[in-house]
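Good morning, colleagues. Please turn to the structure now on the screen, and I shall take you through some of its details.

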Amino acid sequence: MNETENKVKDLMNVFIDEDKPASLSEKDKEFDKYAKLYEERFNKKAYIPEPSGTKEFAIECIKKCLSENKDILDELYYDNFKKDEKNDVLY
């Protein structure tokens with residue numbers, strides 16, 4: 001290996017060996033808080049919808065589920081969920 005490759009390898013090892021956990025953003029902490037509440041209430045894990053969902057949207061939907069005390073997360077994420085469910089369309 002040449003000198004540049006050795007420097008890259010050494011730098012990568014520093015990152016791999018680093019013990020510090022990554023710090024969470026305020027939005028990450030808020031999502032984790034509401035996801036935990038959702039899981040405790042409905043015994044299901046909350047998630048961020050794919051392919052174009054955002055944490056902000058997920059948090060608002062989880063809050064709505066909690067305030068209404070209904071597990072309607074899939075319906076909030078996917079407008080056609082009930083219709084697709086009847087037609088055996090799986091996500």
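I shall speak about the helices, then about a loop and an aromatic pair. Please bear in mind throughout that this is a predicted model.

Let me begin with helix α1, residues 3-17. Its N-terminal end is capped by N2, which places a side-chain oxygen 3.0 Å from the backbone nitrogen of T4.

I turn next to helix packing. Two packed helices are described by the angle between their axes and the distance between the axes. For helix α2, residues 26-42, and helix α3, residues 55-68, the angle is about 35 degrees and the axes are 10 Å apart. The crossing of α2 past α3 is left-handed. On the α2 side, the contact residues include F31, Y34, L37 and Y38; on the α3 side, they include I59, I62, C65 and L66. Sorted by class, the contact comprises 11 nonpolar and seven charged residues, with no polar ones.

Finally, the structure holds four aromatic pairs. One of them joins Y47 and Y77 edge-to-face, at 5.1 Å centre to centre and with 80 degrees between the planes. Because Y47 sits in the loop between α2 and α3 while Y77 belongs to helix α4, residues 73-77, this pair ties together parts that are 30 residues apart in sequence.

Terms used:
Residues are numbered from 1 along each chain as its sequence is written. This is a predicted model: local features need pLDDT of at least 70, side-chain atom pairs count only at pLDDT 80 or more; totals for chains, interfaces and linings use all residues. Side-chain values use heavy atoms; hydrogens and water are left out. Axes are lines fitted to C-alpha atoms, for helices over the stretch in contact, and angles run from 0 to 180 degrees between N-to-C directions. Helices (H or I, at least four residues) and strands (E, at least two) are DSSP runs, numbered from the N terminus. A crossing is left-handed if the near helix is turned anticlockwise from the far one by less than a right angle, and right-handed if clockwise. Contact means heavy atoms within 4.5 Å. Ala, Val, Leu, Ile, Met, Phe, Trp, Tyr, Cys and Pro count as nonpolar, Asp, Glu, Lys and Arg as charged, and the others, Gly among them, as polar. The expected span of a helix is 1.5 Å times one less than its number of residues. A polar contact is a pair of N or O atoms within 3.5 Å; within protein, one must be able to donate a hydrogen and the other to accept it, and residues adjacent in sequence count only if both atoms are side-chain atoms. Rings of Phe, Tyr and Trp (its six-membered ring) pair if their centres lie within 6.5 Å; planes under 30 degrees apart count as stacked, over 60 as edge-to-face and the rest as tilted.
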